[in-house]
Amino acid sequence: PVAQPVAQPAAQPVAQPVAQPVAQPVPQQQPRAVPKPPPPPPPRTPTARFVRALYDFDPNPNRIEEMALRRGAVYRVLAERGQWLVGIDEATGSKGEFPGNYVEDCAQPSTA
């Protein structure tokens, strides 16, 4: 008798382990030094502006923000508001608005 080949069951593929990539050590980078920005410039000290009254000025009694001026007196200017100035009479401590065309620029008064 002739031997008949015996049917072999189909070979099942054998799962091959998947090769995992080997983690390479990452070279440690030194943190880069971020240059510091330059320091801000020191605040500018505004030069004080002084004015001398050319004329007397009597404030409007209905405008409490106005200040009287006396001819020849010196006032320190704090701000400008259009044609008007805001100033202080450092001798009396009075502070208020006055018309800019009633005064002229002058040097700082001496405190001696």
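## Strand β1 and its two partners

In this predicted model, Val 51 stands opposite Asp 105, a residue of β5. The two strands concerned, β1 (residues 49–53) and β5, pair in the antiparallel sense, and four bridges make up that pairing.

β1 is also joined to strand β2 (residues 74–81), again in the antiparallel sense and through four bridges. Two of the facing positions can be named: Phe 50 has Arg 76 of β2 as its bridge partner, and Arg 49 stands opposite Val 77 in β2.

## The sheet as a whole

The strands form an open sheet of five, with the order β4-β3-β2-β1-β5 and antiparallel pairing. Its edges are β4 (94–99) and β5 (103–106), each of which pairs on one side only. From one strand to the next, the twist averages 45°.

Along the sequence, the chain reads as β-β-β-β-β, and its content is accordingly given as five strands and zero helices.

## The hairpin of β2 and β3

Strand β2 is joined to strand β3 (residues 84–89) by five bridges, and the two run antiparallel. Within this pairing, Glu 80 stands opposite Leu 85 in β3. The hairpin that β2 and β3 form has two residues between the strands, and Gly 82 takes a positive phi near 65° there.

Leu 78 lies in strand β2 and, with a relative accessibility of 38%, counts as partly exposed. Leaving out residues up to four places away in sequence, Leu 78 touches Val 86, Gly 87, Ile 88 and Lys 95. The C-alpha atoms of Leu 78 and Glu 97 are separated by 9.7 Å, with the two residues 19 apart along the chain.

## The nonpolar core

The largest nonpolar core comprises 10 residues, namely Val 51, Ala 53, Phe 57, Met 67, Leu 69, Tyr 75, Val 77, Leu 85, Phe 98 and Val 103. At least two residues of this core are supplied by β1, and at least two by β2. In soluble globular proteins, nonpolar side chains tend to be buried together.

Ala 53, another member of the core, is in contact with Leu 69, Arg 70, Arg 71, Gly 72, Ala 73, Tyr 75, Tyr 102 and Val 103, when its neighbours within four places in sequence are left aside. Among these contacts of Ala 53 are Leu 69, Tyr 75 and Val 103, which are themselves listed in the core.

Glu 97 is found in strand β4, and it is classed as buried because its relative accessible area, 9%, falls under the 20% cut-off. The side chain of Glu 97 makes a polar contact with the side chain of Arg 63, at 3.4 Å. Apart from neighbours within four places in sequence, the residues in contact with Glu 97 are Phe 57, Arg 63, Glu 65, Glu 66, Met 67, Arg 81, Trp 84, Leu 85 and Val 86.

Residues up to four places away in sequence not being counted, Asp 89 touches Met 67, Val 74, Tyr 75 and Ser 94.

## Totals for the chain

Of the 112 residues in the chain, 18% are buried. The chain exposes about 10,100 Å², and carbon and sulfur atoms supply 57% of that area. Among the contacts in the chain between residues at least 6 apart in sequence, 43% join residues at least 24 apart.

Terms used. Residues numbered from 1 in each chain as written. Predicted model: local features only at pLDDT ≥ 70, side-chain atom pairs only at ≥ 80, totals over all residues. Heavy atoms only, no water. Pairing = 2+ DSSP bridges. Axes fitted to C-alpha atoms, helices over the stretch in contact; angles between N-to-C directions. Buried < 20%, exposed > 50% of the residue type's maximum accessible area, 1.4 Å probe, protein only. Polar contact = N/O pair within 3.5 Å; in protein donor to acceptor, adjacent residues only side chain to side chain. Contact = heavy atoms within 4.5 Å. Core = buried A, V, L, I, M, F, W, Y, C linked by side-chain atoms within 4.5 Å. Areas by Shrake-Rupley, 256 points an atom, 1.4 Å probe, with all protein chains shown as cover.
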